[in-house]
Amino acid sequence: MLDGLPLLAAFAGLIGLLIGSFLNVCIYRLPRDLSTAYPRRSFCPHCGKTVAWYDNIPVLSWLLLRGRCRACGAGISIRYALVELLTAATFVSAYWQHGASGEALRLALFSAVLIVLLFTDMETYILPDEFTLGGAAAGWVMATLWPPPPGLITLFLPMDRLPAGEGLAASVLGGLIPAGMIWSIGAAYERLRGREGLGFGDVKMMLTLGAFAGLEGTLLTVAVASVLGSLVGMVRVVTRGRTAMLDELPLGSFLAFAGLLLAHLGHSGRLY
Ligand SMILES: [Zn+2]
């Protein structure tokens with residue numbers, strides 16, 4: 001729903017750029033067990049020099065410095081600009097879809113959590129608890145404050161929004177059920193093949209997805225992520241000419257990517 005206020009959409013984008021800049025800090029520091037609060041200022045991971053404020057402006061600084069550290073000239077990953085742009089885009093989309101509302105806040109928060117998980121899993125195969133369990137807790141609060149649409153229940157009952165308590169229950173159960181499923185599949189795989197196929201981070205990430213997207217949204221996300229993962233897996237088999245190890249694929253990244261696709265490009269307002 002567009003309120004006809006492009007200024008507010010631009011404001012949402014600006015907030016997204018700034019939050020994206022913080023998400024970059026989380027993506028680099030959390031998997032390395034570094035504090036996100038100290039040092040407060042960003043530093044070059046190569047030479048350790050503190051980045052000046054004028055070299056730390058979202059997207060713009062990366063472009064002006066042509067992706068290099070001013071002090072040592074080491075390359076700065078394009079991920080920094082990508083995360084900032086992606087966060088801005090999801091925040092504008094959240095406002096575009098829901099106007100200035102609790103639903104928009106929920107979608108923006110969900111997107112920020114997914115963006116962090118997408119990149120930490122891709123870069124380090126780690127899904128930090130701060131964002132899987134922390135994300136789930138935030139989603140449960142959101143579901144209590146702004147109960148989600150009831151999903152399949154509308155087939156039987158004419159209602160637009162779940163009552164608050166049931167919103168929380170749906171949000172918790174929506175994650176617990178898929179988490180149990182994924183955990184059982186992982187345990188069965190481990191017993192059969194004698195090695196770990198699924199990280200426990202993926203199980204915890206189900207709680208996050210369920211907290212925001214409910215049971216149906218989570219199952220749909222898992223389905224889309226599986227299709228995407230299989231496609232990428234097949235491309236790897238073809239291009240590398242060997243049996244690609246499926247457990248080398250960061251499942252969390254595919255889940256996060258699928259979640260973002262569904263939340264922003266899917267038929268919105270029903271599941272999310
Ligand atoms: Zn440097």
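Arg-70 is exposed, with a relative accessible area of 56% (exposed means over 50%, buried under 20% and partly exposed in between, using a 1.4 Å probe and protein chains only). This is a predicted model, where local features need pLDDT of at least 70 and side-chain atom pairs count only at pLDDT 80 or more, while totals for chains, interfaces and linings use all residues. Residues are numbered from 1 along each chain as its sequence is written, and side-chain values use heavy atoms, leaving out hydrogens and water.

Arg-70 pairs up with Asp-55 in a salt bridge, their closest N and O atoms 2.7 Å apart (that is, a side-chain nitrogen of Lys or Arg within 4 Å of a carboxyl oxygen of Asp or Glu). Asp-55 sits in the loop between α1 (6-29) and α2 (60-64), and Arg-70 in the loop between α2 and α3, so the pair ties together parts 15 residues apart in sequence. Helices here are DSSP runs of H or I, at least four residues, numbered from the N terminus.

Arg-79 and Glu-123 meet in one of them, at 2.8 Å from N to O. Arg-79 is in helix α3 and Glu-123 in helix α4, 44 residues apart.

Asp-129 and Lys-204 form another, at 2.6 Å from N to O. Asp-129 is in helix α5 and Lys-204 in helix α7, so this pair ties together parts 75 residues apart in sequence.

## Helix α8

Eleven of the 15 residues of α8 are buried, so this helix is largely enclosed by the rest of the structure. Among the buried ones are Phe-254, Leu-260 and His-264.

Definitions and conventions. Helices (H or I, at least four residues) and strands (E, at least two) are DSSP runs, numbered from the N terminus.
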